[in-house]
Amino acid sequence: MSKRKQNLVGYLFALPWFIGFSVFLAYPLVASIYFSFCDYSVLKKPVFIGLDNYRELFADEVFWITVKNTAIYAAISLPAGMVMALGLAMLLNAKVPGTTFFRTVFFLPSLVPMVSLAVLWLWILNGEHGVLNEVLRMVGIRGPNWLGDPAWSKPALVVLGVWGVGNAVLIYLAGLQDVPASLVEAAELDGASPWQKTRHVTIPMISPVILFNLITGIIGTLQVFTVPYVMFPGGSPARSTYFYAMYLFDNAFLYNKMGYASAMGWIMFLAIFALTMLSLKLTEKHVHYGGGGTA
Amino acid sequence: MKRRNLLAVFGIEVVLIAMSVLFLFPLLWLVSTALKPIEETMRVPPVWIPSKLMWTNFADAMTYGADKLGYIPFLVYARNTLILCVLVVAGTVASNTLVAYSFARLKWKGRDAMFAATLATMMVPFPVLMVPTFALFRHLEWIGTFRPLWVPAWFGSAFSIFLLRQFFRTIPFELSEAAKIDGASEWRVFRDVVLPLCKPAIAVVALFSFMGTWNDFLGPLIYLLDQKTFTLALGLQFYQSQHGGTQWNLLMAASTIVVAPVIVLFFFTQRLFIQGIALTGLK
């Protein structure tokens, strides 16, 4: 087959993606930069206004509230989720009886559609009749007003997030199962304690998987939308659950400030990009891409 | 086995059982509430096993508000969701197998650069694309129809392309060569040699896209206007905001209807599912 024909066949097979990539990714990405410099309501043609949207954003009190809320939520829920997921995966990897059953149990919650999840937890955390507080009362703890107290609304969302770590557990477990048994045995022969084995053999061996989960975790957490949107209309109580993506959505579809929303989108993108680069940089010395090249 | 090891196994077992109880508790409460008569939903201390199982709650949840104006049966949401799922899964499988085949097994100019660009787009958050995409569909007069929710699926997605490509590369290239020597065209090699060997990977991609569509909330929230066209996820949210805080048993019954198919599907495809998710963590 000639080179030209080879190229042509390749392009033909990839054709759907050339269209999809240009129309649904490249075009919106470029257009949203332009819109972010425009006064744009969708109803009328965009009008170029330079950096006004960005200037307005940085002076916008609500913008900063949502940035702060999102940052706090990410700072609690990311570590909580990662520790829980890694911990569960390590317990599962100990290969005690019933592992398959436990694995299924931990995974089930992450299958629950976001809206059902939100509706279910509205009921569990309900102030007057919530079963969680009833259970806490049985052991003598007076549960907080999870949904109505601004100090407890974010922790409530963290609890929900930790309940849904099943996906990450499976990814860690796959990583753990790739750690060569010979390495662990060698450490044992050298007299390493379980903690030392974990700290100096297991964790370094699965560090690429940890990094992967960290980065996907950052990307997901900064975009948190559906659960708070359903559970806390308008970011109640006292805007304590008004997150970045919710304000962006409201600007676009409630206030028709599409240019403003695009500027917010780009700031989010840059933040995700910067945080990803930062995680790569900071973990550079600690992430080991050794072994069979699976990770 | 040493005695210390036995103790360790016992300890781990106890922790795993305790964690399982915590993880199962919300789902059990969901089903328990869904099957309760209304007067038992708010009793103190909580009633775990209903005095009688109210299977009629499910029927009531589906026809809730039938006496009101503009009533939409819950089953309409289910039908809409299924239509969308079929269209999206079909499109995802049709387009991504072709594209991934091209990236994995054909040589063409610019291929590796295009693949790198494809991977990079996985980092782009949806909110960045949201406004221009909405404007585009508005220009096409597709707002209020299902089209914005399924047409893009027919033009590939970075995640599915990546997953399938990884798998396609593991099929020995000698098989393709042999078929070509026998005079098979590239299309025949794709359809008759590679695709049949990649059924598990295709099933994984189909499964993920089904779940993604079933669970999607933001898409329908943006593009669907008329209640008659709502999906289950959007319908449930609508239901909650309209009638939430009153008949929790019916709301939980409706919620169970949304959750149950996904869980059933998972139990039938468990191995595929777990392999697929494990695969996403490995680059």
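Chain A has 14 helices and two strands. Both kinds of element are DSSP runs, numbered from the N terminus: helices are H or I with at least four residues, strands are E with at least two. This is a predicted model, where local features need pLDDT of at least 70, side-chain atom pairs count only at pLDDT 80 or more, and totals for chains, interfaces and linings use all residues. Residues are numbered from 1 along each chain as its sequence is written, while chains are lettered from A and ligands numbered from 1 in the order in which they are written.

Stay with chain A. Its C-alpha trace spans about 75 × 70 × 35 Å along the principal axes. Of its 295 residues, 40% are buried. Buried means 20 or more other C-beta atoms within 10 Å of the residue's own; exposed means 12 or fewer; partly exposed is in between; the C-beta atoms are placed from the backbone.

Next, contacts. Two residues are in contact if their C-beta atoms, placed from the backbone, lie within 7 Å. Take the contacts in chain A with a separation of 6 or more: 71% of them join residues 24 or more positions apart.

Now the two chains together.

On to the core. A nonpolar core is a set of buried Ala, Val, Leu, Ile, Met, Phe, Trp, Tyr and Cys residues joined through C-beta atoms within 7 Å. The largest one has 146 residues, and those touching the most other members include A:W121, A:Y172 and B:A254. Helix α3 (residues 74-105) of chain B supplies the largest share of this core, twelve residues. A:Y172 itself contacts A:A85, A:L86, A:A89, A:I206 and A:V209, leaving aside neighbours within four places in sequence.

Last, one glycine. B:G91 lies in helix α3 of chain B. Why does B:G91 count as buried? Because it has 20 C-beta neighbours inside 10 Å. B:G91 touches B:W150, B:A153 and B:W154, not counting residues up to four places away in sequence. Its C-alpha atom is 7.5 Å from that of B:F155, 64 residues apart along the chain.
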